[in-house]
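User: Could you walk me through this model? I would like to start with the aromatic residues and then move on to the sheets.

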Amino acid sequence: VARDAAFCFYYRENLEMLEALGAETVSFSPLRDDILPDNVAGVYLGGGYPEIHAKALSKNASMRRSIARAVRGGMPVLAECGGFLYLQDTLQDHDGSAHPMCGAIPGHGLKGERLGRFGYIEMSARVDGLLGPAGTCLRGHEFHYWNSSDCGDAFRAEKASGGAGWPCGHSSPTLLAGFPHLYFWSNPDAARSFVSAAARYRIGGGKA
């Protein structure tokens, strides 16, 4: 679990549910640590303020490479909002300067001028992925000023208040990355799927 000044937003209940399902959570810092901790079998990159720390995150090239290798090697990775921006090719800071990020998924994090897609949402999966088969539904929220050149289309998000909806999220059997902050208690099977994927990765000796 990424935890530092750049990545600091998580639903506490999400982490508690992962632990209740048998996961051991280990904290690391994309700002300060050189590589991912030894013997991890999954990565959770939460929200926060990577745009404020874009230069420092970019300078930590060894961690960016470590994360990219994990994604490309099939380690289960869940990335929400700021974590999603960190996985992309570049991220603009408050001055509009673009800094290299992990390059693990396509897209560029772009400075926004106003709050976008704010509010509670319900998401439905359009394809099979890390958190379940097509049709899997989850609730959560979006709250971000920054945008992306490629928000993904693996899910359909609908405002809880009705009306607006939009595509979002990059998904594969070992990855979910997008702007929404997910709430696992809305679908515990999704959390179970994440933990099960990590267990398979570990049993497979570091292979998905």
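**Aromatic pairs and sheets**

Analyst: Tyrosine 86 counts as buried, at 0% relative accessibility, where buried means under 20% relative accessible area, exposed over 50% and partly exposed in between, with a 1.4 Å probe and protein chains only. Please keep in mind that this is a predicted model, in which local features need pLDDT of at least 70 and side-chain atom pairs count only at pLDDT 80 or more, while totals for chains, interfaces and linings use all residues. Residues are numbered from 1 along each chain as its sequence is written, and side-chain values use heavy atoms, with hydrogens and water left out.

User: How many aromatic pairs does the structure hold?

Analyst: The structure holds 7 aromatic pairs; rings of Phe, Tyr and Trp (its six-membered ring) pair if their centres lie within 6.5 Å, and planes under 30 degrees apart count as stacked, over 60 as edge-to-face and the rest as tilted. One of them is the tilted pair of phenylalanine 7 and tyrosine 86, at 5.3 Å centre to centre with 55° between the planes. Phenylalanine 7 lies in strand E1 (residues 7-9) and tyrosine 86 in helix H4 (residues 82-87), so this pair ties together parts that are 79 residues apart in sequence. Helices (H or I, at least four residues) and strands (E, at least two) are DSSP runs, numbered from the N terminus.

User: And phenylalanine 7, buried or exposed?

Analyst: Phenylalanine 7 is buried, with a relative accessible area of 0%. Another pair joins tyrosine 44 and phenylalanine 194, and because the ring centres are 6.5 Å apart and the planes stand at 90°, the pair is edge-to-face. Tyrosine 44 belongs to strand E2 and phenylalanine 194 to helix H5 (residues 188-203), so parts 150 residues apart in sequence are tied together by this pair. Tyrosine 44 is buried at 3% relative accessible area, and phenylalanine 194 is buried at 7%.

User: Which residues do ring pairs link into a cluster?

Analyst: The cluster links Tyr10, Tyr44, Phe184 and Phe194 through ring pairs.

User: OK, sheets now. What is the strand order in the one with E2?

Analyst: That open sheet has 4 strands in the order E2-E4-E14-E13, with mixed pairing; two strands pair if DSSP finds at least two bridges between them. Its edge strands are E2 (43-45) and E13 (170-172), each of which pairs on one side only. E13 and strand E14 (residues 175-178) are antiparallel over 3 bridges, and serine 171 has leucine 176 in E14 as its bridge partner.

User: What about the sheet with E10, which strands stand at the edges?

Analyst: The order in that open sheet of 4 strands is E6-E5-E7-E10, again with mixed pairing. Strand E6 (98-100) and strand E10 (147-148) stand at the edges with a single partner strand each, so one side of each is left without a neighbour in the sheet. Strand E7 (residues 108-110) runs antiparallel to E10 and is joined to E10 by 2 bridges, with glycine 109 opposite serine 148.

User: Which side chain does serine 148 make a polar contact with?

Analyst: The side chains of serine 148 and glutamine 88 are joined by a polar contact of 2.8 Å, meaning a pair of N or O atoms within 3.5 Å; within protein, one must be able to donate a hydrogen and the other to accept it, and residues adjacent in sequence count only if both atoms are side-chain atoms. Serine 148 counts as buried, at 9% relative accessibility.
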